[in-house]
Amino acid sequence: MLKINNLHASVEEKSILKGINLEVKAGEVHAIMGPNGSGKSTLASVIAGKEEYEVSEGNIEFLGEEIDELAAEERAHKGIFLSFQYPVEIPGVSVTNFMKTAINETRKAKGLDEMPAKDMLKLIREKSELLEIDRKFLSRSLNEGFSGGEKKRNEIFQMAMLEPKLAILDETDSGLDIDALRIVANGVNKLKSKDNAVVVITHYQRLLDYIVPDFVHVLHNGKIVKSGPKELAHELEEKGYDWIKQELV
Ligand code: ADP
Ligand code: MG
Ligand code: MG
């Protein structure tokens with residue numbers, strides 16, 4: 001599904017990613033861990049195609065196609081979803097209406113007509129039931145006065161509605177409490193299938209008690225310096241990141 005080859009990227013002339021290789025197949029869950037400043041969020045942003053980031057070497061393939069020249073929006077339409085660390089508040093626009101617009105814009109980009117209202121309602125009902133999201137929440141103004149947990153619920157709802165092929169969840173800086181962690185984890189566990197893939201970025205091992213990854217990768221100074229099975233996350237929890245840095249010298 002996703003194949004990253006020798007990716008080098010910089011922001012404002014500063015080199016951040018220094019040769020990332022990563023392959024994610026359908027049905028897999030990958031966790032990316034690593035100390036603060038190692039480049040985790042940058043990697044997520046580069047995969048999603050955010051403009052500020054310059055790819056200087058290497059490339060990214062998604063579903064067999066090079067996507068390096070595509071804008072963020074086009075990548076989203078192809079099925080790449082990146083969670084928002086700092087969601088915008090839109091007073092007067094409900095969670096549901098925001099989602100309806102997002103879905104219809106995606107359809108428009110693919111040359112499809114708007115989703116019939118009846119189908120839209122059915123989709124909203126299905127997904128909100130799956131995720132145990134109540135009606136009241138769906139009619140609230142987007143992100144206005146949302147708690148950390150509610151922001152996460154909204155994000156997971158968006159992921160459920162858009163049914164991405166690749167979901168990238170960057171949980172590093174969002175100050176997740178245990179409730180929010182559970183919301184994210186339950187959502188991911190319910191939404192994952194053999195046809196999609198999830199990349200979870202975190203420096204909390206705790207999240208990975210709930211979302212069990214197939215692979216764990218450690219990012220350090222812009223490179224993946226270690227990959228392993230889920231047990232690697234426990235090892236990191238116990239020993240921190242210093243031993244990995246030492247192994248590198
Ligand atoms: P992580 O998510 O692992 O904490 P980041 O990808 O956020 O790491 O950051 C990696 C490095 O890149 C840091 O030194 C950070 O200051 C720098 N960086 C990231 N984004 C920007 C930006 N937009 N402008 C300037 N520096 C940035
Ligand atoms: Mg950071
Ligand atoms: Mg980060």
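1. Ligand 1 first. Its shell holds 14 residues, and those that come nearest are Gly-37, Ser-38, Lys-40, Ser-41 and Thr-42. Bear in mind that this is a predicted model.

2. Where does the shell come from? Strand E2 (14–24) and helix H1 (40–48) each supply at least two of its residues. H1 gives the largest share, with three residues.

3. The make-up of the shell around ligand 1 is as follows. Eight of its residues are polar, four are charged and two are nonpolar.

4. Now the helix pair H6 and H7. H6 covers residues 148–162 and H7 covers residues 178–191. Their axes come within 8 Å and cross at roughly 10 degrees. Angles under 35 degrees count as roughly parallel, so H6 is roughly parallel to H7.

5. Which residues make that contact? On H6 they are Gly-148, Gly-149, Lys-152, Arg-153, Ile-156, Met-159 and Ala-160. H7 contributes Asp-179, Ala-180, Ile-183, Val-184, Gly-187 and Leu-191. By class, the contact of H6 with H7 has seven nonpolar residues, three polar and three charged.

6. The protein chain has a mean pLDDT of 91. Of its residues, 96% reach 70 or more. For the model, ipTM is 0.94 and pTM is 0.92.

7. Confidence, by element. Where in the protein chain is it lowest, and where highest? Helix H10 (residues 242–248) is lowest, at a mean of 79. Strand E1 (residues 2–11) is highest, at 98.

Notes. Residues numbered from 1 in each chain as written. Chains lettered and ligands numbered in written order. Predicted model: local features only at pLDDT ≥ 70, side-chain atom pairs only at ≥ 80, totals over all residues. pLDDT = per-residue confidence, 0-100. Helix = DSSP H or I, 4+ residues; strand = E, 2+ residues; numbered from the N terminus. Near = placed C-beta within 6 Å. Nonpolar A, V, L, I, M, F, W, Y, C, P; charged D, E, K, R; others polar. Axes fitted to C-alpha atoms, helices over the stretch in contact; angles between N-to-C directions. Parallel < 35°, antiparallel > 145°, perpendicular 65-115°, else oblique. Contact = placed C-beta atoms within 7 Å.
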